[in-house]
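Good morning, and thank you for joining. Please look at the model on the screen while I speak.

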Amino acid sequence: MNINWYPGHMAKAKRMIEDSLKQVDMAVELIDARIPVSSRNPDIAPLLAKANRPSMILLNKSDLADPVENDRWLARYKKEGIPAILFNAKATGAKSNAEFVAAVKAAFAEKIERNTAKGMAGRAIKIMVLGIPNVGKSTVINNICGSKRAKAEDRPGVTRGKQWISAGGLDILDTPGILWPRLEDKTAAEKLAVTGAIRDEILDSEELAVCLLNILRAPEYIKLLSARYKLPEELPEDTYDLLSLIGRKRGFVISGGEVDTERTAAVLLDEFRGGKIGRITLDRTENYDQH
Ligand code: G4P
């Protein structure tokens, strides 16, 4: 998680991904279902095109996202011909693993047919997982691979240090491709910060909480926010005052009757990230044109 993206880092990450892509059949791009646009690195498509590798999208953390929006995003990708599935990497178990494997095979069906024609029907599909920090790459790999993860396997042509794990007819590259988040776009950066994709230590939590409240006081989300913190119909105009009000409602009052806004901010962010305010999608389909 502790990554500051400087141009040098970006170039190195790009090179590493280009290198790994040469060794796989396809890529699985993880994005955060709460922010499908903001959590997507725009440089990924050109990288895949250059490597001539197919890919699919895994909308991870879908358990935290609005189920209606989840379906709308899926429909959007389908319309655009992009293979995509909803996923919850935290829900371990045979069912989610089978869904993952089936989705990869479906996305790769054409190639499988070609392999079959070439008499290579049983060959495992080599994949790599890609995504920005904290989107769930390690969790996905760990779950799919389970206890097999620790086992190393040597293969010709694979850079030393890289490991493959076999699961359900897939060979998964142990090392995920880490990409930089979309920080130059202010709105995207704010959404990445409030969902926890950017390190908290470098951000002011009260500022971030005010930013989150500015988003959540919009008509789409206000009901969930009000229900969670038992807010009155008439809200303070100033969002910092709204943060104070939430703190007061929660009893975070320090000596002299002042509200501990720092603690309120930390709790608010924590509860939002944990899905306690509700299942919320911040990148809503209606706000994005078809690509
Ligand atoms: P990365 O490799 O892409 O950097 O991400 P990683 O797997 O480390 O996951 C980052 C955080 O997101 C972890 O939480 C992980 O548990 C959580 N996570 C991953 N996938 C999902 C999902 O589908 N749903 C939900 N709800 N959470 C998910 P953490 O707070 O860092 O650790 P912990 O609380 O799990 O211990």
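I shall discuss the ligand site and then the cavities.

This is a predicted model, in which local features need pLDDT of at least 70 and side-chain atom pairs count only at pLDDT 80 or more, while totals for chains, interfaces and linings use all residues. Residues are numbered from 1 along each chain as its sequence is written, and side-chain values use heavy atoms, with hydrogens and water left out.

Let us begin with the ligand. Around it are 15 residues, of which Ala89, Asn134, Lys137, Ser138 and Thr139 come nearest; a residue counts as near if one of its heavy atoms lies within 4 Å. Helix H6 (residues 137-145) supplies the largest share of this shell, three residues.

The protein buries 64% of the 710 Å² that the ligand exposes when taken alone, by the Shrake-Rupley method with a 1.4 Å probe.

I turn to the cavities. The structure holds two of 30 Å³ or more; a cavity is a set of points on a 1 Å grid over the protein atoms alone where a 1.4 Å probe fits but cannot get out, and lining residues have an atom within 4 Å of a point. A volume is the space filled by probe spheres set on the points. The largest cavity has about 40 Å³, and its lining includes Lys61 and Asn134.

Conventions
On a 1 Å grid over the protein atoms alone, a cavity is a set of points where a 1.4 Å probe fits but cannot get out, and a pocket is an open set with protein on both sides within 12 Å along at least five of seven lines; lining residues have an atom within 4 Å of a point. Helices (H or I, at least four residues) and strands (E, at least two) are DSSP runs, numbered from the N terminus.
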